2 protein chains.
Amino acid sequence: MPSYRAPVADVMFLLKDVFGWERHANLPGFADAPLDVVESILSEGGRFSEEVLQPLNRTGDREGCTRHDDGRVTTPAGFRQAYADYAAAGWVGLSSDPAHGGQGLPYTLSAILNEFTTSANMAWSMYPGLIQGAIAALTLHASPEQKAIYLPPLISGRWAGTMNLTEPQCGTDLGLIRTRAVPAGDGAYRLSGQKIFISSGEHDLAENIVHLVLARIEGAPEGVAGLSLFVVPKRLPEPDGTAGPANGVSCGAIEQKMGIHGNSTCVMNYDAAKGWLVGEANKGLRAMFTMMNEARLGVAVQGLAMSEVAYQNAAAYARERLQGRALAGARHADRNADPIIVHPDVRRILLTIRSFNEAARALVVWTALQADVAHRSGEDADRAAADDRLGLLTPVLKGVLTDRGFENTVLAQQVLGGHGYIAEWGMEQFVRDARIAMIYEGTNGIQALDLVGRKLPKDGGRAVLAFFGEVEAFLKENAGAPDLAPCLGPLAAGLDDLRKATMWFMQNAMARPDNAGAGATDYMHLFGLVALGYMWGRMMKAAANAAEPDGLRAGKHLLGRFFMERAMPETALRLARITAGADAVMAVPEEAF
Amino acid sequence: MPSYRAPVADVMFLLKDVFGWERHANLPGFADAPLDVVESILSEGGRFSEEVLQPLNRTGDREGCTRHDDGRVTTPAGFRQAYADYAAAGWVGLSSDPAHGGQGLPYTLSAILNEFTTSANMAWSMYPGLIQGAIAALTLHASPEQKAIYLPPLISGRWAGTMNLTEPQCGTDLGLIRTRAVPAGDGAYRLSGQKIFISSGEHDLAENIVHLVLARIEGAPEGVAGLSLFVVPKRLPEPDGTAGPANGVSCGAIEQKMGIHGNSTCVMNYDAAKGWLVGEANKGLRAMFTMMNEARLGVAVQGLAMSEVAYQNAAAYARERLQGRALAGARHADRNADPIIVHPDVRRILLTIRSFNEAARALVVWTALQADVAHRSGEDADRAAADDRLGLLTPVLKGVLTDRGFENTVLAQQVLGGHGYIAEWGMEQFVRDARIAMIYEGTNGIQALDLVGRKLPKDGGRAVLAFFGEVEAFLKENAGAPDLAPCLGPLAAGLDDLRKATMWFMQNAMARPDNAGAGATDYMHLFGLVALGYMWGRMMKAAANAAEPDGLRAGKHLLGRFFMERAMPETALRLARITAGADAVMAVPEEAF
């Protein structure tokens with residue numbers, strides 16, 4: 001039976017010692033959350049994840065969701081009550097606008113809470129996760145009237161939300177969307193079409209579900225320039241704020257998937273469903289991107305979360321499983337075998353995962369803080385710098401944390417040998433669940449293209465140059481610091497590889513975009529390594545200075561050293577692949593594949 | 001719906017142009033298999049895989065195996081008939097001893113056939129696969145009387161076989177085996193105990209199942225020195241060769257697994273089951289290793305097979321799925337979008353898989369040929385050299401082909417985007433099925449330790465030095481050959497890294513074995529890259545010289561170049577990790593994990 005402990009102490013180290021939480025006290029919401037309050041919020045969220053959500057994870061996987069003949073969908077046993085408790089405790093609106101009933105606390109806390117709930121139960125966590133996306137899109141793009149109708153029940157968790165983009169013929173290429181919206185005469189529209197792969201599309205957790213739907217108004221231009229965003233509630237809102245009669249939207253089928261069985265992934269049929277335009281006509285893509293960027297960060301956290309829970313269970317097994325002897329002779333001669341944690345190859349696996357997890361968590365916190373600054377700061381310059389970082393880091397985090405997170409669940413599964421393959425032990429579920437995060441909200445290949453094709457060149461490379469400058473400044477500032485000795489050389493080498501790769505794109509991709517495409521995924525991972533390495537630098541420095549017991553310092557130092565020795569040299573491999581260019585990739589004729 | 005085509009033409013290129021099949025005509029069995037006969041055998045096996053086995057793959061996954069209250073196990077619909085047809089066609093005994101009814105053809109053909117059947121249906125293929133292991137162990141270690149009883153029905157496929165090693169407390173560390181054997185007085189023994197994870201442990205395909213069981217004779221020494229091998233038939237053989245009354249062995253449960261649902265992975269209970277000693281008492285481990293080495297090569301082939309079928313389906317999807325436009329502008333302006341094969345990142349994924357598959361298949365054929373030479377040659381020196389290569393390459397192939405094979409199924413799944421996660425498309429099954437190959441027959445961590453701790457130092461490093469010499473000779477012989485230009489530099493650099501890593505172990509692992517343990521997995525992959533790169537060298541050379549259309553030459557040249565540019569630079573990363581040593585890995589205290 002797998003188990004889970006929320007890493008509250010690790011998070012507090014990041015907030016307090018690494019990122020100076022209290023320096024943000026001038027931002028709205030932060031003053032209400034000094035470190036002791038944060039710690040009690042996170043402890044409470046951790047406890048809920050450990051005690052309520054985690055026990056429903058395996059059973060939810062086995063039971064899955066059930067679609068009834070009338071289109072209703074039942075979630076696995078226990079999901080409803082857990083959701084009711086979660087909403088009642090106010091978790092859904094933790095960082096939402098107080099004007100609509102939210103608590104207004106920092107978004108960073110929601111991101112951390114997302115890690116805990118996802119580690120405990122990824123399929124369940126997607127239900128409240130999608131509500132966050134709906135709240136974000138409506139907050140930024142809806143009219144005051146729409147906000148008044150939809151935000152309070154979403155923020156309280158009484159209503160749930162979804163994103164409806166994908167259609168059978170249309171995934172990445174949203175320009176191919178066919179769902180049609182026809183003006184109904186009363187200011188509303190009637191939507192008709194089919195959406196697929198809709199996470200949390202239909203379920204029994206909330207009294208209503210607010211679908212945000214991309215569709216094409218009759219007569220709109222072809223392609224993405226003709227897409228509009230609509231809010232289409234499952235049940236039509238009554239003037240008193242309750243959910244009224246059924247709308248023309250229904251779940252046609254539940255997809256049979258590799259994992260996240262506890263989340264209902266639906267085919268949604270729109271049959272002249274009543275919907276209202278959100279924002280301007282034909283500007284739907286921009287509004288949907290708001291939702292998607294927030295969602296991408298949420299998906300990045302899923303990669304970390306699955307890696308963390310897989311690590312915890314593999315480490316526990318390795319400490320307990322008695323099998324064989326240490327290479328240099330028995331380490332626990334009193335038992336009939338040593339625990340497999342004595343083996344360097346088992347330790348290598350565990351340290352590979354853990355040294356990633358801690359740096360990835362730092363990246364999540366750092367990036368989430370940028371989101372808070374970007375959305376809440378009163379200083380234009382601060383907001384702009386934070387927005388640059390957020391835009392640059394979002395595809396890196398989504399792509400790298402979910403790729404590595406999945407790989408880490410596979411590595412962790414390996415520690416259990418044959419037991420890792422058996423459902424009862426829970427490790428294979430982590431692998432199956434984690435796999436989706438590399439695919440949805442834009443496949444990781446799309447993240448890489450977003451990074452290389454859009455985020456790098458944006459504003460003359462302002463964001464990426466600022467990032468290079470920041471890492472460079474860290475290296476200079478700490479040159480010669482003995483606690484950072486194992487870190488500075490490899491980080492400098494990684495940054496150098498990243499700069500060379502960036503330069504290579506500048507010189508080779510303008511004339512031939514395929515040179516950027518062929519190296520995009522390697523560039524994303526190269527960027528991720530440098531970002532993770534930079535986080536290790538900051539953590540090693542903070543640990544050296546922390547007023548904590550020596551254990552923390554020694555622990556971070558060893559883990560950081562491991563990361564620098566084993567993970568960072570990969571930057572050279574990534575650079576070599578990037579500079580190989582597109583020649584061999586593009587020369588193979590289509591029919592030869 | 002996934003599909004499959006057996007790569008017969010690729011195999012024929014390897015046999016004919018790369019490895020000079022006809023030069024082996026002096027070995028027993030090869031004279032009966034000139035190239036045209038081989039081609040028709042493989043085409044027939046390919047057809048059977050494509051038309052009979054592949055259509056049962058998804059249904060077998062969904063249905064799984066069923067254990068009835070009386071302990072009987074039913075395999076998925078269609079498995080029985082497919083097996084009956086396979087056995088009737090003589091495929092089980094393709095390369096077995098003609099003295100017991102086999103066809104005596106080269107083992108290499110069985111290995112190739114194993115790729116085809118596994119690509120088509122891995123779960124099904126494990127039933128005949130385990131028979132091969134039983135035949136191998138009995139052929140080498142059983143008494144003439146035992147051979148007469150068991151080999152004919154195994155070779156005809158009338159009876160099936162299994163390997164019984166693992167127990168709940170004992171996986172890798174066979175010294176912990178508790179199953180007991182008590183002399184029954186009549187020369188037989190009575191076995192009692194529980195075995196777990198027994199593939200094909202109980203099923204309805206054959207009239208009898210021959211279990212080969214590791215157990216401890218009462219009073220035998222502790223540890224592996226007290227293990228003996230027993231043959232324990234499910235039904236006791238009658239003097240006329242038929243299967244008689246039931247023995248005291250039964251299936252207690254079927255494991256719920258991540259994949260290979262169509263194969264019954266059983267808990268087997270031995271309750272004073274009648275068994276007969278195979279070979280000498282307390283020498284069971286050696287006999288089991290015979291089975292295991294053959295099985296490890298079979299598992300390596302599974303890694304390749306899953307990678308191949310995943311590639312084929314991803315490539316077909318990429319050629320057909322219309323979505324977006326090529327980076328440099330529409331490539332198929334007549335359609336409303338380009339097929340995604342136009343995208344360099346999609347091509348990168350496909351070429352990564354395919355350039356591995358072709359080299360891995362070459363490695364399998366090359367290694368299988370070593371097995372044929374080692375077992376069939378009349379020349380002592382040839383046998384010894386082939387046996388060296390076989391011993392050295394077996395852990396490399398098992399570890400590297402299954403690690404990469406699994407990774408490739410994940411990459412291929414990614415090409416399908418959201419569809420890759422949906423069961424109906426079949427890609428997620430490839431991932432789930434392929435995962436087990438990294439675990440069973442010794443986890444890949446164990447393969448790496450076998451390579452570094454046992455195979456490298458054996459006979460003063462004779463095998464590894466011979467391998468280095470062979471690659472070196474290839475590089476010298478072909479220096480300056482224009483067709484090999486993209487290959488020779490990276491291969492030489494890889495070989496240099498491998499030599500440095502080997503030297504580093506010699507200098508650092510004697511005094512501290514953990515230095516070998518901490519680098520073992522990276523060394524195995526470094527070795528694998530050089531071996532795969534060497535195969536590409538030989539294939540590029542053979543393609544340049546082949547009397548075939550230019551397409552073959554150009555195709556192999558491009559794929560080989562891609563491998564050299566993108567895969568080979570990883571050798572430097574592996575070397576960097578190896579020479580980082582065990583310090584950071586071992587310094588973390590056990591309780592800190």
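Predicted model: local features only at pLDDT ≥ 70, side-chain atom pairs only at ≥ 80, totals over all residues.
Q: Switching to helices, how are two packed helices described?
A: Two packed helices are described by the angle between their axes and by the distance between those axes.

Q: Then at what angle do α10 and α11 of chain A pack?
A: Helix α10 of chain A, residues 380-415, packs against helix α11 of chain A, residues 427-435, at an angle of about 165°, and their axes are 9 Å apart. Angles over 145 degrees count as roughly antiparallel, so α10(A) is roughly antiparallel to α11(A).

Q: Is that crossing left-handed or right-handed?
A: The crossing of α10(A) and α11(A) is left-handed.

Q: Which residues meet there?
A: From α10(A) come A:Phe406, A:Thr409, A:Val410, A:Ala412 and A:Gln413, and these meet A:Met427, A:Glu428, A:Phe430, A:Val431, A:Ala434 and A:Arg435 in α11(A). Sorted by class, the contact of α10(A) with α11(A) has 7 nonpolar, 2 polar and 2 charged residues.

Q: How do α5 and α8 of chain A pack?
A: Helix α5 of chain A (residues 107-120) and helix α8 of chain A (residues 284-320) pack at an angle of about 45°, with 8 Å between their axes. That angle makes α5(A) oblique to α8(A), and α5(A) passes α8(A) in a right-handed crossing.

Q: Which residues of α5(A) take part?
A: On the α5(A) side they are A:Tyr107, A:Ala111, A:Asn114, A:Glu115, A:Thr118 and A:Ser119, and the residues they meet in α8(A) include A:Glu294, A:Gln302 and A:Met306. The contact of α5(A) with α8(A) divides into 8 nonpolar, 5 polar and 3 charged residues.

Q: What about α6(A) and α8(A)?
A: Helix α6 of chain A, residues 122-141, packs with α8(A) at an angle of about 150°, and their axes are 9 Å apart. That makes α6(A) roughly antiparallel to α8(A), and the crossing of α6(A) and α8(A) is right-handed. On the α8(A) side, the residues making the contact include A:Glu294, A:Gln302 and A:Met306, and by class the contact of α6(A) with α8(A) has 9 nonpolar, 5 polar and 2 charged residues.

Q: New topic: where does A:Lys274 lie?
A: A:Lys274 lies in strand β11 of chain A, which covers residues 265-278.

Q: Is A:Lys274 buried or exposed?
A: Buried means under 20% relative accessible area, and A:Lys274, with a relative accessible area of 18%, is therefore buried.

Q: What does A:Lys274 touch?
A: Leaving aside residues up to four places away in sequence, A:Lys274 touches several residues, among them A:Asp186, A:Tyr189, A:Arg190, A:Val231 and A:Asn247. A:Lys274 and A:Pro183 are 91 residues apart in sequence, while their C-alpha atoms are 9.6 Å apart in space.

Q: What is phi of A:Ile260?
A: Phi of A:Ile260 is near 35°, which is a positive value in a residue other than glycine. A:Ile260 is found in the loop between β10 and β11 of chain A, and with a relative accessible area of 1% it is buried.

Q: And phi of B:Phe197?
A: B:Phe197 has a positive phi of about 60°, although it is not a glycine. B:Phe197 lies in strand β5 of chain B, residues 189-199, and is partly exposed, with a relative accessible area of 21%.

Q: Last one, what does B:Thr443 touch?
A: Not counting residues up to four places away in sequence, B:Thr443 touches A:Gln414 and A:Gly417 as well as B:Lys398 and B:Met438. B:Thr443 lies in the loop between α11 and α12 of chain B, and at 16% relative accessibility B:Thr443 counts as buried.

Key. Residues numbered from 1 in each chain as written. Chains lettered and ligands numbered in written order. Heavy atoms only, no water. Axes fitted to C-alpha atoms, helices over the stretch in contact; angles between N-to-C directions. Helix = DSSP H or I, 4+ residues; strand = E, 2+ residues; numbered from the N terminus. Parallel < 35°, antiparallel > 145°, perpendicular 65-115°, else oblique. Left-handed = near helix turned anticlockwise from the far one by under 90°. Contact = heavy atoms within 4.5 Å. Nonpolar A, V, L, I, M, F, W, Y, C, P; charged D, E, K, R; others polar. Buried < 20%, exposed > 50% of the residue type's maximum accessible area, 1.4 Å probe, protein only.
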